[in-house]
Amino acid sequence: MTATAPLGPQRRVLWEDAHAGPIVARIAVAGDFLPAGKLSVPAGVWRDAARGLATHFDDVAISFMNLECALAADGLSARPLLGLGQIVSAPAASLDFLEIIRAHPVGLGNNHAYDFRAAGVDRTRGELVRRGMVPLGAGRALRSAPEVFLWEGPGEIRIGFWAAARASRDLATRRSPGVEPATVARAAEAMEALRSRGARFAIALLHSGCLRTNRPDPADMDLMDAVAGCGFGVVAASHSHRISGAKFIESREGVSAFCFYGLGSLVSGFVASPLEREGLIVVAGFDSRGKLARVEVRPVLLAQSGFGEAPSCEMGRVILERFSDLSAEIRSGTSGRRFYDDVSPGLLPLYLRDARAAFRESGLRGLARKASRLRVRHLRRLLHRAIA
């Protein structure tokens, strides 16, 4: 593993292979694209809104991110809102933004994919396919193989992609289509499918994390590390709308995987904290043999409009230094304790507030659905709060 090498305020090299050939293709992995809420689209032109971020993608062949809302949902019935949050959708024209930044595989594995039920997923997938993009992560049952995509670049480059979620109430079951669940078993199936198609490298984008903190949930970290152990070379997360740190997983042969525990947002009309304006783009460079040659990160700052831009020199340094500090916490083992310190205050009132909102919306049935979502990791957070 090489030491972090600053290249300036707009990018930072995390790792390089001294034995790799020249880079002939770069793949970008980003966090949440949430083109809803309080956004200011310049004269309604989504392409113009992407100009401030386009320089980060000038040298990128394709990019991969999470689309966290339904598209073209006009006339569709929204599901009941259980607890706090929003039902979100965006016009199909918002895909103009993704075209500018060269999106190709697009993750749908998240907690808003089914805001407009299965019809919303179908319509969103259709809009993506019409643009030549590849939807991943929502719309299949577990009796079907995981949905994956293989991109063939120049030379021997064969990159596989998989999208899944841990933070979603709409996870697929064997019989019912839903959001692809981020489990080790499904990751192993996805990796097997990609290898059978000739993938030489694979990237997983998971919707996991916790709001109100830049630190990853220890349980999410364990899951992501295990997904990397299935053979994915880059495993990245979004959901908290904040950046987090990263870890390199090393083997006897060298670095075998890179885990990025929070990439923040590219676009969001829901910003509850200045820290939710910070984002990261991971860029992986490959030589003509399909070998990973370099991994770097590039900072993003959400403007008051809600759209991501390449930040100023000063703000770029701030974001990259925060990323470095959070990564140091992960290496030192202090990140987990600080995560519980971040999320514990007000946690029980937050759950009770959600429960009251669910009861007002759907009565006892809504309350029961809310209770069914109180997973083991939620109980663990409450326990840490009680001990504190």
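This is a predicted model: local features need pLDDT of at least 70, side-chain atom pairs count only at pLDDT 80 or more; totals for chains, interfaces and linings use all residues.

Analyst: Two residues are said to be in contact when heavy atoms of theirs lie within 4.5 Å of each other.

The length of the helix comes first.

Which residues of helix 4 are buried? They are Gly120, Val121, Thr124, Glu127 and Leu128. A residue is called buried when its relative accessible area is under 20%, and exposed when that area is over 50%.

Most residues other than glycine have a negative phi. Arginine 117 is not a glycine, yet its phi is positive, about 60 degrees. This arginine lies in helix 4, and because its relative accessibility is 39%, arginine 117 counts as partly exposed. After helix 4 comes glycine 132, with a positive phi near 80 degrees. A further case is found in the loop between helix 3 and strand 7, where arginine 102 lies. Although arginine 102 is not a glycine, its phi is positive at about 65 degrees. With 35% relative accessibility, arginine 102 is likewise partly exposed.

From these surroundings one may turn to the nonpolar interior. In soluble globular proteins, nonpolar side chains tend to be buried together. Here the largest nonpolar core has 42 residues, and those with the most contacts inside it are Met65, Leu67, Phe97, Leu98, Ile101, Leu266 and Ile281. Strand 3 gives the largest share of this core, five residues. With what is leucine 98 in contact, leaving aside its neighbours within four places in sequence? Its partners are Phe33, Met65, Ala103, Val106 and Met133. A second, separate core has 37 residues, including Leu14, Leu136, Ala246 and Phe248.

Ser335, Phe339, Tyr340 and Val343 are buried in helix 8. Seen down the axis, the buried residues of helix 8 fall within an arc of 135 degrees, so they line one face of the helix.

Helix 8 also takes part in a charged pair. Side chains of opposite charge can pair when their charged atoms come close. Arginine 215 and aspartate 342 form a salt bridge, with the closest N and O atoms 3.1 Å apart. Arginine 215 lies in the loop between strand 13 (201-207) and helix 6 (218-229), and aspartate 342 in helix 8, so the pair ties together parts that are 127 residues apart in sequence. Aspartate 342 has a relative accessible area of 26% and is partly exposed.

Another salt bridge joins lysine 291 and aspartate 17, where the closest N and O atoms are 3.3 Å apart. The two residues are 274 residues apart: lysine 291 is in the loop between strand 18 (278-287) and strand 19 (292-302), and aspartate 17 is in the loop between strand 2 (12-16) and strand 3 (23-37). Lysine 291 is partly exposed at 33% relative accessibility, whereas aspartate 17 is buried at 18%.

Arginine 298 and glutamate 296 form a salt bridge as well, with the closest N and O atoms 2.8 Å apart, and both residues are buried. Through shared partners, salt bridges join Arg11, Glu16, Arg26, Asp59, Arg294, Glu296 and Arg298 into one network.

The chain as a whole provides the setting for these details. The chain contains 10 helices and 20 strands, and buried residues make up 55% of its 388 residues. Of the contacts between residues at least 6 apart in sequence, 76% join residues at least 24 apart. The whole structure has 29 salt bridges.

Definitions and conventions: Residues are numbered from 1 along each chain as its sequence is written. Side-chain values use heavy atoms; hydrogens and water are left out. Helices (H or I, at least four residues) and strands (E, at least two) are DSSP runs, numbered from the N terminus. Buried means under 20% relative accessible area, exposed over 50%, partly exposed in between (1.4 Å probe, protein chains only). A salt bridge is a side-chain nitrogen of Lys or Arg within 4 Å of a carboxyl oxygen of Asp or Glu. The arc is that of the directions from the helix axis to the C-beta atoms. A nonpolar core is a set of buried Ala, Val, Leu, Ile, Met, Phe, Trp, Tyr and Cys residues joined through side-chain atoms within 4.5 Å.
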